[in-house]
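Subject: Structure handover

Hi,

Here is the structure for you to look over.

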Amino acid sequence: MSTTAVVALRAAGIPFAERAYAHDPAVTDFGREAAEALGVEPDRVFKTLLADVDGRLVVGIVPVTGKLDLKALAAAAGGKKAVMADPAVAERRTGYVVGGISPIGQKSVHPTVLDESAELWDTVFVSGGRRGLDLELAPADLIRATSATVADIAR
């Protein structure tokens, strides 16, 4: 089953690999579940979070092993203050469900900031647009697919 993220990457000619796994509905730590199921280092698996930065939604992509530093995200996005977006707003604006929000192929285009630790890896994993599907791609290709800036936004 194709997702908007997969369609967007194919349309852009960006190389990637689909990595599916059986999602356990009882699990709420989606990123760590993906890392374990796929047998990869958790620092290579990134979660996609949305924050309200001075009244506009901004996407932050950070390793599942850490947390989003809201102050750093605000600064990276040229703002002053950031708060986590309401999950219902995040779902509505991205077209994805929480736990399956991909930074790629979102319904609305949002400024995106990728944590600089992504550049330590040859490839990283991000949600493919549904629970149980991650996409593996080079950090440079993730940056290209999302028009992301890179900054230290994880703690």
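Below is what was found, from the whole chain down to single side chains.

First, the ground rules. This is a predicted model, so local features need pLDDT of at least 70 and side-chain atom pairs count only at pLDDT 80 or more, while totals for chains, interfaces and linings use all residues. Residues are numbered from 1 along each chain as its sequence is written, and side-chain values use heavy atoms, with hydrogens and water left out.

**Overall chain**

The chain has five helices and eight strands. Both are DSSP runs numbered from the N terminus: helices are H or I with at least four residues, strands are E with at least two. In sequence order the pattern is α-β-α-β-β-α-β-α-β-β-β-α-β. The radius of gyration is 14 Å, close to the 15 Å of the globule rule for 155 residues, so the chain is as compact as a globular protein of that length. That radius is taken over C-alpha atoms, and the rule is 2.2 Å times the number of residues to the power 0.38. Along the principal axes, the C-alpha atoms fill a box of roughly 40 × 30 × 30 Å.

Of the 155 residues, 46% count as buried. Buried means under 20% relative accessible area, exposed means over 50%, and partly exposed is in between (1.4 Å probe, protein chains only). The chain exposes about 7500 Å², with carbon and sulfur atoms supplying 53% of it. Those areas come from the Shrake-Rupley method with a 1.4 Å probe.

Take contacts between residues at least 6 apart in sequence: 62% of them join residues at least 24 apart. Contact means heavy atoms within 4.5 Å.

**The β1-β7-β6 sheet**

Three strands form an open, antiparallel sheet in the order β1-β7-β6. Its edge strands are β1 (17–20) and β6 (124–130), each pairing on one side only. Neighbouring strands are turned by 35 degrees against each other on average, direction ignored. Strands pair if DSSP finds at least two bridges between them. β6 and β7 (residues 133–137) have five, in the antiparallel sense. One of the bridge partners is L137 in β7, which faces V124 in that pairing.

Helix α1 (residues 4–12) lies across β1, β6 and β7, at about 25 degrees to β7. Axes are lines fitted to C-alpha atoms, for helices over the stretch in contact; angles run from 0 to 180 degrees between N-to-C directions.

**Salt bridges**

There are six salt bridges. The criterion is a side-chain nitrogen of Lys or Arg within 4 Å of a carboxyl oxygen of Asp or Glu.

- R10 is exposed at 52% relative accessibility, and E18 is partly exposed at 34%.
- E136 lies in β7 and R19 in β1, so the pair ties together parts 117 residues apart in sequence. E136 is buried at 16% relative accessibility, whereas R19 is partly exposed at 35%.

Best wishes
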